[in-house]
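Visitor: I would like a brisk tour of this model. Can we take it one question at a time?

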Amino acid sequence: MSEAPKTATLTIDGENYELPIHSPTSGPDVLDIRKLYGQAGVFTYDPGFTSTASCESTITYIDGEKGILTHRGYPIGELAGQSHYLEVCYLLLYGELPTAAQLEDFESTITRHTMLHEQMGNFFRGFRRDAHPMAVMVGVVGAMSAFYHDSTDISDPRQREIASHRLIAKMPTIAAWAYKYTIGQPFVYPRNDLDYASNFLRMCFAVPAEEYEVNPILSRAMDRIFTLHADHEQNASTSTVRLASSSGANPFACIAAGIACLWGPAHGGANQACLEMLKEIGSVDRIPEFIERAKDKNDPFRLMGFGHRVYKNMDPRATVMKQSADEVLELLGVEDNPLLQVATELERIALSDPYFKEKKLFPNVDFYSGIILEAMGFPTSMFTPIFALSRTVGWISQWKEQLSDPAHKIGRPRQLYLGEDVRSYTDIENR
Ligand code: SDX
């Protein structure tokens, strides 16, 4: 006999309201309040959505207390260690690991969408040379809706798929060209004989004056960084993409909105802010000063790369990223990198400090990524564009999932209004 559905009883002014409770595959139960306003005439209040599930999803799951992250059920550590980014892209998009034939077909499709419409190169030239690459990416990705009209009809599943492939394929080209433009070097076109990560490294670092050989160790590290950033439940930028998509906006406009949100230092911009912070700390002996500032309620300073809305344990991506940092720096012969020494000591001191332990603040994905990226030759301004490149598949998979739900509707939160009550206009001479 099936169990009776779980419900919660809410009592307001002596009236009882039964609210359904839904149980997930993993994680906390959810209280379904969709009918609450209609039944009880009240809203719920949750600024920052700390206790609110915005949707159903089958893509990614995070257990913040245990420091677990899975994509379609597969732990991030196994995917980072045994898979590669385009295979993870297939998994996120289609729900299962591909067969060899499916993977070959998918990689071939992505490879053949890496070039940009030649006229899009003009967009880059409209920016100042000192534009932040994220500003360029927001502009150019949004402008894709002006060039790829044949994949903007979101009601057509085939157009949704083509748009998904175009975005995954073209983001490395857009990010690399944004970088090349800001350093005054010519654009380097993608090559079909290179894998995804190698293509990106070559488009960033090759110059026409000489051949560029991709270092396979750096290419593997780059691919792993892409995988570690691919998706992360309903984070701020993914929620932005879902909300933009709920109005029926085209995929390129939705992803441009996600890029804009990711740019903030509290979110994807933290990798750049974290490396800048490590440079400001400069040496191990200055760490205590910054730990004290991070604990000072009157000081807005926070340890960049530390803390997380969901993880109240080590971010499993940070663990893999630290291993990768050790490998890459050793292979590049910079294992005594002073920034890595500061970061490792900062992590050790912070994790033993009562304040950080009490608030369960651990290193997150952004804490070590900047150290690797700088060792690979990227300027700090390219850290968040690389995060955006990696997260495009997550945004697109979540976008696709939302559009596939026939019950989805426009997102339109309400508010707790504390402003003036109704009052009459007064002429200026009477004010
Ligand atoms: C990403 O959501 C995602 O999944 C994001 C992401 C993804 O993959 O999409 O994982 C990527 O954005 C990682 C986070 C990168 N941001 C940073 O590293 C910036 C530094 N971190 C903080 O800004 C903060 O930890 C947040 C924004 C990440 C989380 O903020 P919350 O959940 O709103 O936590 P909070 O700000 O309410 O902090 C709780 C307490 C506060 O103290 P009290 O008000 O309770 O006294 O912890 C303190 C905070 O002051 N705190 C910190 C701190 N982070 C939180 N104190 C010092 N240094 C920090 N870094």
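Guide: One definition to begin: a patch is made of residues with over 30% relative accessible area and no salt bridge, and nonpolar side chains are joined within 5 Å. Keep in mind that this is a predicted model.

Visitor: Which residues make the nonpolar surface patch of about 400 Å²?
Guide: Patch members need over 30% relative accessible area. The nonpolar patch covers about 400 Å². Its members are Tyr 45, Leu 416 and Leu 418.

Visitor: Is Leu 418 buried or exposed?
Guide: Leu 418 sits in the segment after helix H18 (383-404). The cut-off for exposed is over 50%. Leu 418 has 72% relative accessibility, so this residue counts as exposed.

Visitor: Which residues are closest to the ligand?
Guide: The ligand is surrounded by 24 residues. By type, the shell divides into ten nonpolar, seven polar and seven charged. The closest are His 232, Gly 305, His 308, Arg 317 and Arg 391.

Visitor: What share of the ligand's exposed area does the protein bury?
Guide: Start with the polar atoms. A ligand nitrogen is 2.8 Å from a polar backbone atom of Leu 303, and a ligand oxygen is 2.7 Å from a side-chain N or O atom of Arg 391. An oxygen of the ligand is also 2.9 Å from a side-chain N or O atom of Arg 309. Taken alone the ligand exposes 1,000 Å², and the share buried by the protein is 78%.

Visitor: Which side chain does the side chain of His 232 make a polar contact with?
Guide: His 232 lies in the loop between helix H9 (216-228) and helix H10 (236-246). At 5% relative accessibility it falls under the 20% cut-off, so His 232 counts as buried. Its side chain makes a polar contact of 2.9 Å, and the partner is Tyr 311.

Visitor: Are Arg 317 and Asp 315 buried or exposed?
Guide: Arg 317 is among the residues closest to the ligand. Its side chain meets that of Asp 315 in a salt bridge, 2.7 Å from N to O. Both residues are buried.

Visitor: How many salt bridges are there?
Guide: The rule needs a Lys or Arg side-chain nitrogen within 4 Å of an Asp or Glu carboxyl oxygen. Asp 130 and Arg 128 meet it at 2.5 Å. Glu 292, Lys 295 and Asp 353 are linked in a network of such bridges. By this rule the count is 20.

Visitor: How many residues apart are Arg 166 and Asp 150?
Guide: Their side chains meet in a salt bridge of 2.6 Å, N to O. The pair links distant parts of the chain: Arg 166 is in helix H7 (residues 157-182), while Asp 150 is in the loop between helix H6 (133-143) and H7. The separation is 16 residues.

Visitor: Which residue does the side chain of Gln 272 join in a polar contact?
Guide: Gln 272 is in helix H12 (residues 270-281). At 16% relative accessibility, Gln 272 counts as buried. A polar contact of 3.0 Å joins its side chain to that of Glu 276.

Visitor: What separates the C-alpha atoms of Glu 401 and Arg 309?
Guide: Glu 401 is in helix H18. Glu 401 is buried, at 18% relative accessible area. Along the chain, Glu 401 and Arg 309 are 92 residues apart. Their C-alpha atoms are separated by 23 Å.

Conventions. Residues numbered from 1 in each chain as written. Predicted model: local features only at pLDDT ≥ 70, side-chain atom pairs only at ≥ 80, totals over all residues. Heavy atoms only, no water. Near = heavy atom within 4 Å. Polar contact = N/O pair within 3.5 Å; in protein donor to acceptor, adjacent residues only side chain to side chain. Areas by Shrake-Rupley, 256 points an atom, 1.4 Å probe, with all protein chains shown as cover. Nonpolar A, V, L, I, M, F, W, Y, C, P; charged D, E, K, R; others polar. Patch = residues over 30% accessible without salt bridge, like charges linked within 9 Å, V, L, I, M, F, W, Y side chains within 5 Å. Helix = DSSP H or I, 4+ residues; strand = E, 2+ residues; numbered from the N terminus. Buried < 20%, exposed > 50% of the residue type's maximum accessible area, 1.4 Å probe, protein only.
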